[in-house]
Every structure is written in structure tokens, then in C-alpha cells.
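Reader: Hello! I am new to this structure and would like to understand the words used for it. Could you walk me through them?

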Amino acid sequence: MASCSRQIQERDRTIKVTILASEWGSSKGGLSTINRELAIQLAKFPNVEVTFFLPKCSHESRKEAQHHGISLVEAERRPGYEELDWLSFPPEHLEMDVVVGHGMKLGKQAQVICNSHKCRWVQLVHTDPEELGMFKCYENPISKGEQKHHVEVELCQMADLVVGVGPKLTEAFLTYLSWCKRDQDVVELTPGVFADFACVEQVPVKRKHFSVLIFGRGDSEDFELKGFDIAARSVAALPDISLVFVGAPEGKHDGIAKRFLDLGVPANRLRVRGYTDREALKRLFCEVDLVLMPSRTEGFGLTGLEGLSAGLPVIVSKNSGFGEVLSNVPHGSSFVIDSEEPSAWTAAIKNIWNKDRQLRLDEAKVLCDSYRKRYSWSEQCKKLLEKMVRLLENRQDSSGRLQISFQEGAERRGTATEDRTDSGRCADWISHNAP
């Protein structure tokens with residue numbers, strides 16, 4: 001029996017995916033991390049060609065991307081436009097079947113591109129602005145959160161497919177889009193273990209001092225949102241435990257240190273550092289004993305997953321996508337805290353502190369392995385690609401023969417037909433070409 005897989009291959013068919021991005025690295029937080037990892041995972045499929053379209057990139061970034069089989073394309077400078085808005089004007093010769101936007105910052109450009117380049121639009125969401133607005137610390141955060149929420153939902157309504165990062169956001173946007181009957185177009189993508197951190201080798205040698213790491217954006221507007229005050233109070237209540245904070249904006253170290261000191265953390269048990277790249281973060285994961293993610297709310301929570309990927313025990317907030325999925329992994333619920341009370345976090349930290357270091361690392365490894373099996377990057381990207389293939393299907397004619405057309409730029413590059421009537425069977429192509 002003929003299959004879409006064989007027929008597409010006979011035409012040497014490659015799906016061209018362009019991901020809109022602000023950077024190749026992770027200095028701008030989780031959005032950048034998700035975009036890069038998604039590009040790396042999609043590029044592993046032999047019949048998928050991935051382009052990272054961004055305002056600027058360094059020679060080192062381009063070289064690293066090429067190592068993963070990804071092309072980095074810089075946008076043309078557009079005087080008078082914000083830098084990210086340059087992405088609304090990709091080169092005419094840049095062929096794409098699918099453009100991937102992300103949130104409000106990198107989604108608004110996709111609505112222009114899908115028309116100019118006759119491609120499909122996949123929209124990622126990894127935050128819920130309205131919920132975040134309840135905890136932000138700037139002027140009128142709730143009303144601004146509502147405004148951002150309306151824009152995010154409208155962008156999702158316009159897109160061909162919506163991808164929620166983790167179960168919490170997927171459920172939220174299923175609800176937000178149910179009124180327009182778009183809920184069936186929202187799919188879940190739960191991040192898997194990060195391979196670059198999984199290579200970190202933890203040393204089981206017993207240490208006299210115990211250190212706890214919290215990291216992320218250290219801006220004043222996010223301090224309480226990320227629960228850094230919870231972390232400070234919980235660590236301050238325990239003797240001989242140090243708190244390491246990473247993520248201070250340039251020139252803001254002293255101000256952030258003062259906030260921690262005011263919350264009771266002694267100066268001799270506090271370290272405040274600036275933003276760091278992923279290589280430096282690997283070394284840091286070898287210095288500390290535990291990663292905390294006490295966010296009051298979090299769409300997903302990559303910092304907790306990054307710590308676990310590096311083989312460290314983690315304690316995370318239940319009101320996060322990562323906390324939710326960790327609760328579904330064997331033994332994972334014991335690392336999830338459903339409370340904003342510092343005393344609950346203090347007890348959890350003390351419980352891990354009292355364990356032998358080797359035992360702590362063994363338990364973290366077991367948890368990480370269980371998580372890896374439950375949430376595989378490969379399996380989830382395979383399902384996402386199946387959705388992309390279906391987006392590229394043109395029509396099913398009256399004879400029941402499935403007509404698939406692929407658009408690249410303004411021209412059709414090829415078609416394939418299938419005798420079966422179920423359009424979803426074209427996912428055979430994905431299965432055959434899995435990495």
C-alpha cells in the first residue's frame with residue numbers, strides 16, 4: 001500500500017521551518033532557550049530544514065548553530081523600526097513552509113510573514129501575561145497584563161496552530177480559544193531533559209557546607225513573581241546554608257544583595273552574581289547542592305528543569321508547568337511544594353540537606369531518568385511535525401484521494417497523493433524520517 005512517506009521521499013521533499021528568535025543564546029530568558037532547543041530538536045529529523053531568523057548573531061553563534069544543522073539568517077536593518085520588528089521582513093529568497101512565532105514579542109511578525117511568504121504559522125506560548133500581571137512590580141501591572149493577554153489570544157486565534165509549552169499553558173489557551181472553536185488547534189509541548197546540562201558530572205564527595213541556587217531574571221519587577229523572597233526567608237532560617245543568586249542585571253548587584261540581606265540572609269552566606277552563559281552555568285551546577293524554583297506562578301519553569309538535567313535535586317513550586325509535570329513522574333511529587341510559606345520550603349531544604357550527598361545525587365538521577373522517559377524531546381517534536389505536515393495538506397478531493405501541496409515562497413514546489421482517506425496518515429512521513 002502506498003504511503004505519504006514514500007511519495008514525499010520520491011520527490012526529495014524537505015519541510016522548511018523558520019523560527020523567529022531574538023538571539024541564539026539564553027541571555028533573554030526562557031523564550032530564547034525554548035526557541036533554540038526546539039530548533040535543535042527539529043533539525044535532527046533528516047527531512048526538516050531549520051532556519052533561525054534573528055536580528056543579529058555572532059560568528060560563534062553561527063558556528064554553533066551550523067554544528068546542529070541549523071542556518072542562522074540575520075534580518076536586514078530597518079531604520080525607524082524596533083530591532084525585533086526587523087523580523088517582519090525576511091529575505092524574499094528565504095523559502096519556508098512553516099514560520100514559528102513565540103508570544104507577543106515574536107508572534108506579531110509571523111502574521112506578516114505568513115502572507116508575504118505564503119507559509120503556515122505556528123504560534124508558541126510560554127507565559128500567561130494576565131496571570132503574571134498579578135505579581136509584577138511596576139506601574140499598572142494588572143491592566144498591562146490584561147492588554148498583553150488580549151494580544152496573545154488574538155495572535156493565537158490568527159495562527160494555524162498553537163503550541164503551549166507544558167500542560168499548564170496548554171490548558172489555559174485551550175480555555176481562552178474555546179469561544180472561537182480553536183481549542184482543537186492547541187497542542188502541548190513539554191520540554192524534555194536538556195542534553196547540554198545532562199553531560200555535567202556531579203562529584204559525590206561529601207561537603208561541609210550546603211549551598212542553594214536560585215537563578216533567573218533579577219529585575220525588581222520579577223523579584224516576588226519568581227519567589228526570590230520565599231527562597232531568602234527559607235534559607236535564612238537554616239544555619240550553615242548559603243544562598244547563591246545568579247541573574248543580577250549589570251550594575252544592580254548591590255541593590256539585589258540588599259534585598260536579600262533585608263530578608264534575613266547573612267552576608268557571609270550570600271553570593272550574588274550576574275547573568276551567565278550556559279557553559280558557566282554548567283560549572284555553577286557543580287558548585288551547588290540544590291536548585292530552588294519558588295515562583296508564585298510560572299508558565300513552565302525552565303530553571304528547575306535545567307537543574308534537574310544537570311543531576312541536581314530540585315524543589316519547585318506546584319503553581320508551575322514544571323511542577324505539574326514533575327508531580328506526574330514517579331517520586332517527583334516529593335520535590336514539589338504547594339505553598340508560598342517559607343517554612344514549607346525550609347522543611348523541604350532541610351530534608352534534602354540531611355541526606356548523604358551520594359543519596360541525594362542518586363535520587364536526582366532516578367528522577368531525571370524517569371522524566372526523560374516520560375517527556376521525550378524526540379517524541380514530542382515528532383508529534384509537532386505531524387501537525388505541521390497536516391497543515392501543509394491542501395485538500396482531499398471527491399474521489400477520496402488526498403492532495404497535499406507544499407508552499408515555499410509564493411510557488412508550489414510539489415504534491416503527493418495518498419489512496420487512504422484519513423489525512424492524518426501523512427504522519428507516516430514523520431515516522432519514517434524520525435531521528
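Reader: Which residue forms a salt bridge with E340?

Author: R296 does, with the closest N and O atoms 3.5 Å apart. Please keep in mind that this is a predicted model, where local features need pLDDT of at least 70, side-chain atom pairs count only at pLDDT 80 or more, and totals for chains, interfaces and linings use all residues. Residues are numbered from 1 along each chain as its sequence is written, and side-chain values use heavy atoms, with hydrogens and water left out.

Reader: What makes R296 buried?

Author: Buried means under 20% relative accessible area, exposed means over 50%, and partly exposed lies in between (1.4 Å probe, protein chains only). R296 has 15%, so it is buried. E340, at 43%, counts as partly exposed.

Reader: How do you know that D196 and R278 form a salt bridge?

Author: Their side chains meet at 2.8 Å, N to O, which is within the 4 Å limit. At 15% relative accessibility R278 counts as buried, whereas D196 is partly exposed at 24%.

Reader: How many salt bridges are there in the whole structure?

Author: A search finds 22. Among the residues involved, R207, D289, R357 and R360 are linked in a network.
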